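Please look over the sequence and the model shown here before reading the notes that follow.

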Amino acid sequence: MVPCPHIFDPAEKYISLVIPAYNEEHRLPGALDETLNYLQQRAANDKTFTYEVIIVDDGSTDGTKRVAFEFVKRFSVDNVRVILLGKNHGKGEAIRKGMLHSRGELLLMLDADGATRVDDLEKLENQINAVAKKGQQLEDSTGRDSTIRISDVPAAAFGSRAHLEEKALATRKWYRNFLMKGFHIVVLLAAVSGIRDTQCGFKMFTRSAARKLFLNIRLKRSIMSIFNQLEYILLSLLLLEAFFPWSIS
């Protein structure tokens, strides 16, 4: 057992990667190998870059927990931590728990299926850094002697597959396209029109944004990703979007 940090604690790492996992014994090792290889290489090239990977086992009934703890042994508990939920609560609750007990200035949620290249996180990171830089320039122009930390900027950046929609439409059955389009219209009308792809499982939050958002989430299942948008609007977070290639494993 190790001390469990909380989102209200000061950040101890630059970035936390939260991976919800339910019965992911077979896909999790590949995703973790890719993720940790990237993080280790980046840390070796930049001594200021610190990270942690949080695997949230959502009541798995297979060997997910065993796989997760094997990576803890390989990479140390400082870099890889496991949260056990005991029983299955749903992806939304698994993400919420991981976010609330992370240590990063930036918090990234990603799926265990490896559908997105982990180095694509830099696209989201760059967008948030650009916003923080503009905020700092504004502070400097007003003559205030203050430094804006990236963790204090209330922003969220979403990975998006919207640019792949035309190709997908050409290969799907007409009725699937009809249902998909109808679903997206409902989401956009009920939530936010600025984000074209609300369902991509690759999202980055600053610590400030995660604190505001994940303390207020009540929905536990996958529909959480839709209604997150309402939370973002109500809590006045800055939303950003970056386009990614996508693979299916």
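Leu 17 stands opposite Val 53 in strand 2, and this briefing on a predicted model starts from that pairing. Local features need pLDDT of at least 70 and side-chain atom pairs count only at pLDDT 80 or more, while totals for chains, interfaces and linings use all residues. Residues are numbered from 1 along each chain as its sequence is written, and side-chain values use heavy atoms, with hydrogens and water left out.

**Strand 2 and its partners**

- Strand 1 (residues 13-21) pairs with strand 2 in the parallel sense over 7 bridges, where pairing requires that DSSP finds at least two bridges between two strands.
- Strand 2 also runs parallel to strand 3 (residues 80-84), to which 5 bridges join it, and Val 53 stands opposite Val 80 in strand 3.
- Strands (E, at least two residues) and helices (H or I, at least four) are DSSP runs, numbered from the N terminus.
- Strand 2 (residues 51-57) is mostly covered, with 7 of its 7 residues buried; buried means under 20% relative accessible area, exposed over 50% and partly exposed in between, with a 1.4 Å probe and protein chains only.
- Tyr 51, Val 53, Ile 55 and Asp 57 point one way from strand 2, whereas Glu 52, Ile 54 and Val 56 point the other way.

**Crossovers**

- Strand 1, helix 1 (residues 28-45) and strand 2 make a right-handed β-α-β unit.
- The chain then crosses from strand 2 through helix 2 (residues 64-75) to strand 3, again in a right-handed β-α-β crossover, a term meaning that, with the strands pointing away from the viewer, the path from the first strand over the helix to the second runs clockwise.

**Helix packing**

- Helix 1 and helix 2 pack at an angle of about 20°, with their axes 11 Å apart; axes are lines fitted to C-alpha atoms over the stretch in contact, and angles run from 0 to 180 degrees between N-to-C directions.
- That angle makes helix 1 roughly parallel to helix 2, since angles under 35 degrees count as roughly parallel.
- The contact (heavy atoms within 4.5 Å) involves residues including Leu 32 and Leu 36 of helix 1 and Val 67 and Phe 71 of helix 2.

**Ser 102**

- Ser 102 lies in the loop between helix 3 (91-100) and strand 4 (104-109), and counts as buried because its relative accessibility is 0%.
- Not counting residues up to four places away in sequence, Ser 102 touches several residues, among them Glu 52 and Ile 54.

Note on methods
Parallel < 35°, antiparallel > 145°, perpendicular 65-115°, else oblique.
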